[in-house]
Amino acid sequence: MALLGPVAATAAHALDSDGGHAIVNAGDVTVGILAPRGEAHTLAQWQATLDALGDAIPRITLTARAMTLDGIAAAVAQGEVDFVLTNPGQFVLLGTPYALSWLATLRSNPANSARAALGSVLWVRAESPYRRAEQLTGRRIVAVHERAFGGYLLMRPELQAAGVDSDEIAVDFLGYPVDALVYQLRDGQAEAAIMPVCMLEQMVSEGLVRRDDFRALATDEPLGGCVSSTPAYPDWTFAALPHVSEALTGDVARRLLAMDGEDTARWGAPVSAARVATLFDDLALHLLGEPLSTRLMDALQRYWHYSVAALVLLAMALMYHAWLQRKARRHGRALEATQLALRERERELADAQSLNVSGELATTLAHELNQPLAAIRHYAEGSVLRLQREAPDSPLLEPLSRIGHEADRGAGIIDQARQWIRRDAPAPERLPLHGLLDHVRALAQPRLKRLDVALDRSIQPDNLAVLGNRLAMEQVLGNLIGNSLDAFEAADRCGWIHIDARRAADPGQVTLTIRDNAGGFSPERLARPFMPLDTTRAQGMGLGLVITRRLLQRQGGDISVGNHARGGAEITVRIPSAEASQ
């Protein structure tokens, strides 16, 4: 036998592949027993049954551990016990999560029924004024535990049915032993006590209390000769943990069912706990019915390795997604910039084509107009010479001189345009603005007078001068004033034109601002102010602003157009300052 001992021990403690616990088939075996009346009472109550079980299965040595509800739950979770003996409520809560094997159901009821054995009673003192359960609202009630199946848990739906909200009653859960509830009720420390059925009768039989001192509320059918306030539920359950071998489980089950009940407890075949499970569902207490958040947290804690890995993968996926989003946005911006550049090139190509047409037209006009202008100038000069000889006081001398001068100026403009078309701009010169603006106003004076338009100017400082070509600047200012007069004439109205000249924020630039009150530009015109051949005037060619901008750009200047708030156009010309060249 000494040689067989280690072999038997090895067979009896083979490792369980699921929980890591040694499979128990022999040796020391622990039975966790629910102890409603305390450890001493429980061990005394069940010792004979365990002794009989140990005698029938000599390869095991049974040890009883009296435990509370929470103690049994913790011991089962840690695998610290091999068998449990507890009420059916706790078995339902622990059976599925921890794979308990149901061996036998106790038959403690005097009627020898395992299906109707447990219930709860609501006790009050006999002399108390309470006749209905709802009268206890706001009173102190004592119980063992909020999940005590033969106590508060069974009484709770009965209180709710009587109209007593569980949140409105003050229940103090005192824990085991149950005897303390009876003593607090008897001594006036509580107004009611929720207890398992037959518990008070058992204490009366033991001489601990007097039956006449207590009265039950909300009584139901008597249970095994005891007062009950609730329907009856199955009796206690003897169950095995999964690390107990099938051989030992079978032996224990057979020995329990074979007990005659004379000195031991009586046992029967396992009774269905479906009614218990239904009650838990109604109370939303079933373990499998716990909130999703609770089960999720439990799963996260139990499988934290996988949770951490999943979080890492999720973080990597989010980072990859963010990287893709960033790359897509960058490519999107590049594509948008490319599209804008393409549209700009298309616009420039359209402008170039228009300018080519304008250039060809200007070249043709320059060639065709030079001869008539030369003839006009010669006729004017000849007429002036003849009048000076024959009629020196003739009033026609001055107009004829002007005709000759304007013919010279027109020829100069044509010659300048030809040079710029050949990209051979004339050299710039210093142009005092006083003289330049006075000359331009004198040129436009006949038309200003005819349209009744006042032209004034302001120059700050008074000696302000620009650097440019005289003919080009005369043409620029003449075009802008002419455009304004065209607007007055089209609107058939009189008004004013004001030219303001001052140094720009850039010390190398001078700003000329031309404003009028002729109505301003239309939104369509402002959208494309320098589009060649785009005009709303019947006799216009749409080249005035285009030529003006080209003249300014060739001189290092620029132009922008818009409207001001008083109902007119506002054109800003920037031209290099003569002071910058000194």
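Predicted model: local features only at pLDDT ≥ 70, side-chain atom pairs only at ≥ 80, totals over all residues.
Residues are numbered from 1 along each chain as its sequence is written, and side-chain values use heavy atoms, without hydrogens and water.

The chain contains 16 helices and 18 strands, taken as DSSP runs (helices H or I, at least four residues; strands E, at least two) and numbered from the N terminus. Of its 582 residues, 41% are buried (under 20% relative accessible area, with exposed meaning over 50% and partly exposed in between; 1.4 Å probe, protein chains only). Among contacts (heavy atoms within 4.5 Å) with a separation of 6 or more, 74% link residues 24 or more positions apart.

Helix α5 (residues 152-161) has Y152, L153, L154, M155 and L159 as its buried residues. Their cover includes β5 (120-125), β6 (140-143), β7 (170-173), β8 (192-196) and α9 (274-282). G163, which follows α5, has a positive phi near 90 degrees.

T49 lies in helix α2 (residues 39-56) and is buried, with a relative accessible area of 4%. Apart from neighbours within four places in sequence, T49 contacts M259, T264, A265 and W267.

R333, in helix α11 (residues 304-390), is exposed at 53% relative accessible area. Together with R326, K327, R329 and R330, R333 forms a positive surface patch (residues with over 30% relative accessible area and no salt bridge, like charges joined within 9 Å; a salt bridge is a side-chain nitrogen of Lys or Arg within 4 Å of a carboxyl oxygen of Asp or Glu). Lys and Arg count as positive.

How values were computed: Patch = residues over 30% accessible without salt bridge, like charges linked within 9 Å, V, L, I, M, F, W, Y side chains within 5 Å. Areas by Shrake-Rupley, 256 points an atom, 1.4 Å probe, with all protein chains shown as cover. Charge placed at Lys NZ, Arg CZ, Asp CG, Glu CD.
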